[in-house]
Amino acid sequence: MSFEHLFTNNPIQKEIKIAGVSETYYFRKLTAGEQITLNKGQKTTIKSGESSMEVDISDMHARNCLFLSFVWVNEDGKQAFTLNKLREVPADYIAAIVTGANEALAEVANPQ
């Protein structure tokens, strides 16, 4: 199975009207590494029951990439991608893959 499609970041075309004039603009998705850079220094508070903790948002994205570098493997059980390579993947793909990985690992930990 190939995952190379995750590393494509083709431009997304969008018509935008500004001051009555429509122009075509092109965008691409943020990579995980860019998301980390963008969020550096932004803080959020996570509350669970009576305790709370302040977390740098970029740390959460970096942790997601690190987590996947540990748990995402090929069919033969070998590491699928290095941490640096994962940082090239669009950030929303990383989030979706992390969600899927967590679900898969939870299913194994708690079989029905």
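**Entry 1: Gln 35**

I looked up what Gln 35 touches and found Leu 30, His 61 and Ala 91, leaving out residues up to four places away in sequence. Contact here means heavy atoms within 4.5 Å. The model I am reading is predicted: local features need pLDDT of at least 70, side-chain atom pairs count only at pLDDT 80 or more, and totals for chains, interfaces and linings use all residues. Residues are numbered from 1 along each chain as its sequence is written, and side-chain values use heavy atoms, with hydrogens and water left out.

Gln 35 lies in helix H1. Helices (H or I, at least four residues) and strands (E, at least two) are DSSP runs, numbered from the N terminus. Is Gln 35 buried or exposed? I noted a relative accessible area of 15%, so Gln 35 is buried. The cut-offs are under 20% relative accessible area for buried, over 50% for exposed, and partly exposed in between (1.4 Å probe, protein chains only).

**Entry 2: the whole chain**

I counted 4 helices and 4 strands in the protein. Along the sequence they follow the pattern β-β-α-β-β-α-α-α. The radius of gyration is 18 Å, well over the 13 Å that the globule rule gives for 112 residues, so the protein is more spread out than a compact globule. That radius is taken over C-alpha atoms, and the globule rule is 2.2 Å times the number of residues to the power 0.38. The C-alpha trace spans about 55 × 45 × 30 Å along its principal axes.

Of the 112 residues, 26% are buried. Among contacts with a separation of 6 or more, 42% are between residues 24 or more positions apart.

**Entry 3: helix H2**

I checked the span of H2 next. Its 15 residues should span 21 Å at 1.5 Å a residue, and its end C-alpha atoms are 21 Å apart, which agrees. The expected span of a helix is 1.5 Å times one less than its number of residues. The buried residues of H2 include Ile 57, Ala 62, Phe 67 and Leu 68.

**Entry 4: the core**

How many residues does the largest nonpolar core have? I found 15, and those with the most contacts inside it are Leu 6, Leu 68, Trp 72, Phe 81, Leu 86 and Ile 94. H2 and helix H4 (91-109) each supply at least two residues of this core. A nonpolar core is a set of buried Ala, Val, Leu, Ile, Met, Phe, Trp, Tyr and Cys residues joined through side-chain atoms within 4.5 Å.

I then followed Phe 81. Leaving aside neighbours within four places in sequence, Phe 81 is in contact with Phe 3, Glu 4, Phe 7, Ser 69, Trp 72 and Leu 86.

**Entry 5: salt bridges**

A salt bridge is a side-chain nitrogen of Lys or Arg within 4 Å of a carboxyl oxygen of Asp or Glu. By this rule I get 4 salt bridges, and I wrote up three of them.

Asp 59 pairs with Lys 40, with the closest N and O atoms 3.9 Å apart. This pair links distant parts of the chain, 19 residues apart: Asp 59 is in helix H2 (residues 57-71), and Lys 40 is in the loop between helix H1 (32-39) and strand S3 (43-48). Asp 59 is partly exposed at 40% relative accessibility, while Lys 40 is exposed at 55%.

Asp 56 and Lys 43 form a salt bridge at 3.7 Å, N to O. Asp 56 is in strand S4 (residues 51-56) and Lys 43 in strand S3, 13 residues apart. Asp 56 is buried, with a relative accessible area of 9%.

Glu 88 and Lys 85 form a salt bridge at 3.4 Å, N to O. Glu 88 is partly exposed at 41%, and Lys 85 is partly exposed at 29%.
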